[in-house]
Amino acid sequence: MCGIVAYLGQREAYPIVLKGLKRLEYRGYDSAGVAIINDGLKVYKKKDKVAALEEYCTGKDMRSHIAIGHTRWATHGEPCDRNAHPHLSQDGKLAMVHNGIIENYVQLKQELENKGHVFQSDTDTEVLLHFIEEIKKSNNSTLEEALRIALKRVVGAYVIVLIDQENPDTLIAARKGSPLVIGVGKGEHFLASDASPIVEYTKEVVYVNDYEIAIIKNDELILKNISNERQTPYIQKLDIDLAAIEKGGYDHFMLKEIFEQPQTIYDSLRGRLDAKNGTLTLGGIRDHMELLKNANRIIIVACGTSWHAGLVAEYMIEELCRIPVEVEYASEFRYRNPVVGKGDVIIAVSQSGETADTLVAIEAAKQKGAIILGVCNVVGSSIARISDAGAYTHAGPEIGVASTKAFTAQLTVLALIGLKVGIEKGTITPQRFQHLLGEMDAISEKVATALKLNEQVKKIGEKYKDARDFLYLGRGYNFPVALEGALKLKEISYIHAEGYPAAEMKHGPIALVDENLPVVIVATKDSFYEKIVSNIQEIKARKGKVIAVVTEGDQIIPPMVDDVIVVPAADELVAPIISVIPLQLLAYHIGVSKGYDVDKPRNLAKSVTVE
């Protein structure tokens, strides 16, 4: 969740690290800081935005060829200057930034206090740094060796980066459970939590694995495992461009990413779907097709928006493949000792590929013999590497904290997986297969058409922006869309919103309906259309305000409701990819009209890499 940036090389380090911290603001944070070596080790840190840190450093001598930086999302200790990273060792000669949680820090802290250590913050990070320092001094060891010993004792997740006043030409980093990428340049190295701060300097990167320690000098990168055995760095090429992480003229990244969806959906289909020739190629699952066809069941594990994509996929896969599907919150699945074994397939869905709960969940399932398929957006991410097979969504970097284009890309890829397994298994007819290939092929264009509703949706958003509560309803494939619409509104506008299956309205939520409650109903033409019409009538009978998303040509619902949003017709199996678009726009415009920073909603982080 926190963001880490570091640099070592011939350039001035501070401007590179500062720019990198700005690139990582989307991850969510409440304070920021940097450490440099310049006539000694110096640390500068401030609560609030990176801009506050930049102002604080203005006029100071920030010259240095080595620097570490951090944006903190508070876990241990309130957001304030003293709890911000980097932290200093007791003697002031070491500085460290840390992403993750040290679970046994209380015990370590007590031991260190008994030895005379005095702490300046409430963080687990400072405890870990003092522990490393204590080992280094008591054993008269190198910093690298002290780090290795310390990491064998600590419990939890971490990416840490250290600088040492006595070795100003060296960065030392380590990783377990949180992401770390190292950019390799000519006589220089860049470290970051993801590739966004690195891409403008180099396209060559190394993804650090769990339990690896990196010792970095200007022209040398040494990787070792925790047992001190040398590892060979695997250099990969980044496949993102600088333009992908800039706003490109839009007011917000969220709006840009909503409007990118016709292209990102097309990119998710490109090279896979050939509707003209009636073929579908998914190289990432080809070698495991027999296991997929014969799976006892499929369990989809995910969090947040990705969980909603999993719910849509449950409907898709059960219809197309006739395989039982369960959708689990990864955070619950990992702790409840689930019954998993050989013959089960786990599909892990994650935008970042680094979601902590999802990672732990699939690691446990893999140990029990399940096959792991990863559906994620980031090449080289942890979930991609631990999975037996899978497919990338190819949505490109998503900077807005509230996921939009990643969601529709996930739906696209999950639909392709369902189609491929279904036709291979023989549970859908060739005619139905060909029809759905054509429907998928047309999705990008239909999403582009739905985006033309932007100004209309903006007016609806302004009309309802002062509402205290919203209710979102849908049936069948549209029920998860209702959940996703409610989540987006909560994330962006801080308005309380609930998503429900429309049939459940009479089992409680109808008590909320009055003339002040906007009810958003996803009412596109599908198998449940007549039932959803009845639900609308029940709401109107109680004076509720109804905003309906309907299919073009609908003559029944529009006269019944207060506001109507018309989207292109599509087969109900793929319709969620279209019907979610106006709900994304509605959340965006309500958030903007209320004056909020929709790219960085309060308390939220883009990638939840700690529990």
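Contact is taken here to mean heavy atoms within 4.5 Å. The structure is a predicted model, in which local features need pLDDT of at least 70 and side-chain atom pairs count only at pLDDT 80 or more, while totals for chains, interfaces and linings use all residues. Residues are numbered from 1 along each chain as its sequence is written, and side-chain values use heavy atoms, with hydrogens and water left out.

V327 lies in strand β19 (residues 325-329), strands (E, at least two residues) and helices (H or I, at least four) being DSSP runs numbered from the N terminus. With a relative accessibility of 17%, V327 counts as buried, a term that means under 20% relative accessible area with a 1.4 Å probe and protein chains only, exposed being over 50% and partly exposed in between. When neighbours within four places in sequence are left aside, V327 is in contact with I300, W307, G310, L311 and E314.

Strand β27 (residues 563-567) presents a covered face, formed by D563, I565 and V567, and an uncovered one, formed by V564 and V566. Strand β26 (residues 545-551) pairs with β27 in the parallel sense over five bridges, pairing requiring that DSSP find at least two bridges between two strands, and I547 stands opposite D563 of β27.

The axes of helix α16 (residues 454-464) and helix α19 (residues 576-593) come within 8 Å and cross at roughly 50°, the axes being lines fitted to C-alpha atoms over the stretch in contact, with angles running from 0 to 180 degrees between N-to-C directions. The contact involves N454, V457, K458, I460 and G461 of α16 together with P582, L585, L586, H589 and I590 of α19.
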